[in-house]
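Student: I have a model open and want to learn how to read it. Can we go through it feature by feature?

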Amino acid sequence: MPTRDTAWPTGIPCWIDVMTPDVQAAQQFYSQLFGWQFADHGPQYGGYHLAASQGRPVAGLGPVMREGEPTVWSTYFATDDIALTSDRIRQAGGTMMVEPMEVPQMGHMAIAVDPQGAVFGLWQASGMIGMQRFNEDNAPVWNDLHTTDVEKASQFYAHVFGFTVGDSHMPGRQDYRTFTVEGEGRGGITALEDAPAEVPPHWLSWIMVADADATAQAATERGATLVAPPFDAPWGRSAIFTDPWGATLAVMQPSAG
């Protein structure tokens, strides 16, 4: 089973979390869907909970900070120098929504916005590295950016994180590019297609599951709405849904072999 106990290299999506208006109900929804166990780290962390799969952290869940704030899943990139990465974001035309700040005994975080408007996070680990399970059932497996300008977005993230963005045209996608860190594919950048005008550029997190159809059905039975009903893709059987509070998440059942 893929696990990790040391800090992730710069440029790798190392964590995902969701801020929601109903923490208790959201915990119940995701624990029933993925079997996650939640641990509250106390009021000093603002009601933030770590979600674990088989005893190891895979995601976070916390309360929205302000009433009416959108409920979204966020992708965080690892960095070994959060101040330097923040400077590179500004140099490349991005902005800092939340400047680097310490999370006691855990690490340092920041929130940024790329030039096309997609929000993403930074994480410099100390006591908490981010996800410790990945690429297995009920754990994160992929993150991709859906943007209005694939070329400019590719240049931005390559400058900020130093990773390589290569052409990877998938069937059914006009323009899908995979970015690699240390020679391994870690995520994608693609055109924002067929989305309502009000949907902004965004990062989409994917969770691996044993049965995409069953997971999609279980999600809808618990109040989720399907954005993309189960479909076959080059990487496997997939589905995309919004949870009962509006946060979008994707699931993937890898192709056999």
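Student: How many bridges join strand 1 to strand 5, and do they run parallel or antiparallel?

Tutor: First, the ground rules. This is a predicted model: local features need pLDDT of at least 70, side-chain atom pairs count only at pLDDT 80 or more, and totals for chains, interfaces and linings use all residues. Residues are numbered from 1 along each chain as its sequence is written, and side-chain values use heavy atoms, without hydrogens and water. Strands are DSSP runs of E, at least two residues; helices are runs of H or I, at least four; both are numbered from the N terminus. Two strands pair if DSSP finds at least two bridges between them. Here, 5 bridges join strand 1 (residues 13-20) to strand 5 (residues 73-78), and the two run antiparallel. Ile 16, for instance, has Thr 75 in strand 5 as its bridge partner.

Student: What is the strand order of the sheet?

Tutor: The open sheet has 8 strands in the order 2-3-4-1-5-8-7-6, with mixed pairing. Strand 2 (37-40) and strand 6 (95-103) are the edges, each pairing on one side only.

Student: Which residues of helix 3 are buried?

Tutor: An α-helix has 3.6 residues a turn, so residues three or four places apart point the same way. Buried means under 20% relative accessible area (1.4 Å probe, protein chains only). In helix 3, Val 150, Ala 153, Ser 154, Phe 156, Tyr 157, Val 160 and Phe 161 are buried. They cover an arc of only 165° around the axis, taken from the directions from axis to C-beta atoms, so they lie on the same side of helix 3.

Student: What comes just after helix 3?

Tutor: Gly 162, with a positive phi of about 75°.

Notes:
Buried < 20%, exposed > 50% of the residue type's maximum accessible area, 1.4 Å probe, protein only.
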